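I set out to record what can be read from the fold, the packing and the charged pairs of one protein. The entries below follow the order in which I looked things up.

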Amino acid sequence: MEDNKSFEVFGYRTSSRFASRLQVSVNDQTISVTGPRVGVTTYRSWIALQAILLALTVPVLIVAIILWDWRYLVTALALLFLYWVISAVGAVALWEFQNFMSFERESSQSTSFPICSVKRVKIGPGWARNGLWLILLPFIVGLNKASEGRTVSFEAPDEDTGKDAIYTFHMHIKDNPRDLARLIEHR
C-alpha cells in the first residue's frame with residue numbers, strides 16, 4: 001500500500017458531524033478527516049428538531065382523517081414544510097458557516113482514528129444507520145439513489161462523544177470508492 005492516500009470527498013451530514021467538502025487521508029495505521037464540523041449539541045439539536053416536526057406530522061394527519069377537517073391537513077402540511085426548511089437551511093447554514101470560519105482561520109477541524117477501530121464499511125445505500133433514515137424519510141430514496149456506487153460509509157470513534165459515529169463520504173467519479181473502502185477495512 002502507498003504510504004499515504006488522500007481523497008477529496010463530500011461528507012453527508014451524519015453523526016460524525018463532518019459535512020460539505022472534506023479531505024480524507026489514509027496511511028497504514030490511521031484515517032484523518034479534515035473539514036467543516038459542527039458541535040455535538042448543535043448537531044443533536046438540529047436532528048431532534050427535525051425528528052419532532054416529522055413525528056408531529058403523523059398524528060396531525062390521523063386527526064385530519066378521523067375528523068375529516070381540512071385545518072388539520074393544512075397544519076400537517078405546514079409541519080412538513082417547516083421540517084423541510086429546518087432540514088435544508090440547517091444543512092446549508094451550519095456547515096457552510098463552519099467553512100467560512102475555517103477560511104478565516106486558515107484551518108479546519110480535523111480528527112484521526114486508527115484503521116483498526118473502523119466498523120461496518122459499506123459502499124452505496126446503507127449509510128443512513130441508527131435511525132437517521134427515519135429523520136431523512138422524505139429524502140432517503142433520492143439520497144440512496146445518489147449514493148449508489150459513489151458513497152463510502154463506516155462507523156468509527158468520535159473523540160467528542162466517546163462513542164462511534166457514522167462517517168459518510170460521497171466521492172468524485174474519478175475516484176473509486178472501492179479504493180477507499182479497501183484502505184480502511186481491517187487487514
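**Entry 1: Overall picture**

I began with burial: buried residues make up 40% of the 187 residues in the protein. I took buried as under 20% relative accessible area, exposed as over 50%, and partly exposed as in between, with a 1.4 Å probe and protein chains only. I note that this is a predicted model, in which local features need pLDDT of at least 70 and side-chain atom pairs count only at pLDDT 80 or more, while totals for chains, interfaces and linings use all residues. Residues are numbered from 1 along each chain as its sequence is written, and side-chain values use heavy atoms, with hydrogens and water left out.

I found five helices and seven strands, in the order β-β-β-α-α-β-β-α-α-β-β-α from the N terminus. Helices (H or I, at least four residues) and strands (E, at least two) are DSSP runs, numbered from the N terminus. The C-alpha trace spans about 65 × 35 × 30 Å along its principal axes.

The accessible surface comes to about 10,400 Å², and 63% of it belongs to carbon and sulfur atoms. Accessible areas come from the Shrake-Rupley method with a 1.4 Å probe; for residues, only the protein chains shown count as cover. Among contacts (heavy atoms within 4.5 Å) between residues at least 6 apart in sequence, 64% join residues at least 24 apart.

**Entry 2: Nonpolar cores**

I next asked which residues have the most contacts inside the largest nonpolar core. They are I31, V33, F154, Y167, F169 and L180, in a core of 21 residues. β1, β2, β3, β6, β7 and α5 each give two or more residues to this core, and β7 gives the most, with four. A nonpolar core here is a set of buried Ala, Val, Leu, Ile, Met, Phe, Trp, Tyr and Cys residues joined through side-chain atoms within 4.5 Å. In soluble globular proteins, nonpolar side chains tend to be buried together.

I then listed the contacts of F154, leaving aside neighbours within four places in sequence; among them are F113, V118, V121, A165, Y167, F169 and I184. A second, separate core of 14 residues includes V38, W46, A128 and L136.

**Entry 3: Helix α5**

In α5 (residues 177-184), I found P177, L180, A181, L183 and I184 to be the buried residues. Seen down the helix axis, the buried residues of α5 fall within an arc of 160°, so they line one face of the helix. The arc is that of the directions from the helix axis to the C-beta atoms. The cover over these residues includes β1 (4-11), β2 (20-27), β3 (30-35), β5 (119-123), β6 (151-158) and β7 (163-171).

Being three residues apart in α5, R182 and D179 are separated by about one helical turn. D179 is partly exposed, at 27% relative accessibility.

**Entry 4: Salt bridges**

I counted 10 salt bridges, each a side-chain nitrogen of Lys or Arg within 4 Å of a carboxyl oxygen of Asp or Glu.

R21 pairs with E8, the closest N and O atoms being 3.0 Å apart. R21 lies in strand β2 and E8 in strand β1, so the pair ties together parts that are 13 residues apart in sequence. R21 is exposed, at 54% relative accessibility, whereas E8 is partly exposed, at 30%.

D160 and R37 also meet in a salt bridge (3.9 Å, N to O). D160 is in the loop between β6 and β7 and R37 in the loop between β3 and α1, 123 residues apart. Is R37 buried or exposed? R37 is buried, with a relative accessible area of 3%, whereas D160 is partly exposed at 47%. I also noted that R17, R37, D158 and D160 are linked in a network of salt bridges.

**Entry 5: Surface patch and one distance**

On the surface, V58, I62, I66, L67 and Y72 form a nonpolar patch with about 490 Å² of accessible area together. Patches are made of residues with over 30% relative accessible area and no salt bridge; like charges are joined within 9 Å, and nonpolar side chains (Val, Leu, Ile, Met, Phe, Trp, Tyr) within 5 Å. α1 supplies the largest share of the patch, four residues. Y72 lies in helix α2 (residues 70-105) and is partly exposed, at 33% relative accessibility.

Last, I looked up A55, which lies in helix α1 (residues 40-67) and is partly exposed, at 48% relative accessibility. A55 and R120 are 65 residues apart in sequence and 29 Å apart in space, C-alpha to C-alpha.
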